[in-house]
Amino acid sequence: MEALLQILWAWIGSLGFILIFNQRSLRLLIPGSLCGAFSWAVYLLCDMVFNMGSFLCSLWAAVFLALYAEVMARIIKAPTTVFIGPGIIPLVPGSLLYYTMTHILQRSWRDAIDFGLRTLSCALGIAAGIAVVSALGYILRKIKNKS
């Protein structure tokens with residue numbers, strides 16, 4: 001039940017992000033906000049079922065996010081960033097960054113380094129997942145255009 005609530009909150013957070021940045025077109029509102037819920041569901045699946053670390057959970061969630069964004073961009077004829085922006089919001093390691101900064105201010109250097117490395121691993125997983133899918137999409141489009 002808790003996982004479903006988390007997915008619901010991820011959807012609401014993504015929806016709010018879309019509304020704040022004036023993407024009020026109905027054709028983009030629902031698929032764009034679902035992107036955040038789906039990416040968080042993949043993260044939870046990797047974490048709870050497969051017991052992966054934060055890097056791999058972030059990586060696979062970002063890979064799914066980027067694939068979803070590429071597919072929806074082709075279907076709806078919109079830029080992929082319309083879907084990646086809201087979809088990435090639930091994946092951003094905000095609490096880890098908060099604890100990193102808190103421990104820095106408290107001069108608790110071991111804990112700051114621990115949380116900082118975890119924050120960095122999540123951020124690298126997100127960046128790597130999106131970069132790999134975007135690069136593969138670019139290569140496939142180039143191959144398709146040549147033939």
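Does Tyr68 count as buried or exposed, and at what relative accessibility? Tyr68 counts as buried, at 14% relative accessibility. The cut-offs here are under 20% relative accessible area for buried, over 50% for exposed and partly exposed in between, using a 1.4 Å probe and protein chains only.

## Ground rules

This is a predicted model, where local features need pLDDT of at least 70, side-chain atom pairs count only at pLDDT 80 or more, and totals for chains, interfaces and linings use all residues. Residues are numbered from 1 along each chain as its sequence is written, and side-chain values use heavy atoms, with hydrogens and water left out.

Helices and strands are DSSP runs numbered from the N terminus (H or I with at least four residues for helices, E with at least two for strands).

## Aromatic pairs

Rings of Phe, Tyr and Trp (the six-membered ring for Trp) pair if their centres lie within 6.5 Å; planes under 30 degrees apart count as stacked, over 60 as edge-to-face, and the rest as tilted. By this rule the count comes to seven aromatic pairs. Take Phe38 and Tyr68: the ring centres are 5.6 Å apart and the planes sit at 80°, so the pair is edge-to-face. Phe38 lies in helix α2 and Tyr68 in helix α3, so this pair ties together parts that are 30 residues apart in sequence. Phe38 counts as partly exposed, at 35% relative accessibility. Another pair is Tyr98 with Tyr99, with centres 5.4 Å apart and planes at 65°, so that one is edge-to-face.

Tyr98 is exposed, with a relative accessible area of 53%, while Tyr99 counts as partly exposed at 40%. Back at Phe38 and Tyr68, these two form one aromatic cluster together with Phe64.

## Salt bridges around Glu70

A salt bridge here is a side-chain nitrogen of Lys or Arg within 4 Å of a carboxyl oxygen of Asp or Glu. The structure holds two of them, and Glu70, Arg74 and Arg141 are linked in a network of salt bridges. Glu70 bridges to Arg74, with the closest N and O atoms 3.0 Å apart. Why are Glu70 and Arg74 separated by about one helical turn? Because they are four residues apart in helix α3. As background, an α-helix has 3.6 residues a turn, so residues three or four places apart point the same way.

Arg141 also forms a salt bridge with Glu70, the closest N and O atoms being 3.4 Å apart. This pair links distant parts of the chain, with Arg141 in helix α6 and Glu70 in helix α3, 71 residues apart. Glu70 counts as buried at 14% relative accessibility. Both arginines are partly exposed: Arg74 has a relative accessible area of 42%, and Arg141 has 34%.

A disulfide is a pair of cysteine sulfur atoms within 2.5 Å, and the structure holds zero disulfides. Cys35 is in none, and the nearest cysteine sulfur, that of Cys46, is 15 Å away. The sulfur of Cys46 is 5.1 Å from the closest cysteine sulfur, in Cys57, which is too far for a bond. Cys35 is buried, with a relative accessible area of 1%, and Cys46 is buried too, at 5%.

## A nonpolar surface patch

Patches are made of residues with over 30% relative accessible area and no salt bridge; like charges are joined within 9 Å, and nonpolar side chains (Val, Leu, Ile, Met, Phe, Trp, Tyr) within 5 Å. Areas come from the Shrake-Rupley method with a 1.4 Å probe, and for residues only the protein chains shown count as cover. A nonpolar patch on the surface has about 1,100 Å² of accessible area together, and its residues include Phe55, Trp60, Met101 and Trp109. The elements giving two or more residues to the patch are α3 (54-76), α5 (94-105) and α6 (109-146).

The largest share, five residues, comes from α6. Trp109 is found in helix α6 and is partly exposed, with a relative accessible area of 47%.

Helix α2 (residues 26-49) has 24 residues and reaches 34 Å from its first C-alpha to its last, close to the 34 Å expected at 1.5 Å a residue. The expected span is 1.5 Å times one less than the number of residues.

Asn51 sits in the loop between α2 and α3, and its phi is near 50°, a positive value in a residue other than glycine. Lys77, in the loop between α3 and α4 (81-88), has a positive phi near 60°. Asn51 counts as exposed at 65% relative accessibility, and Lys77 counts as exposed at 68%.
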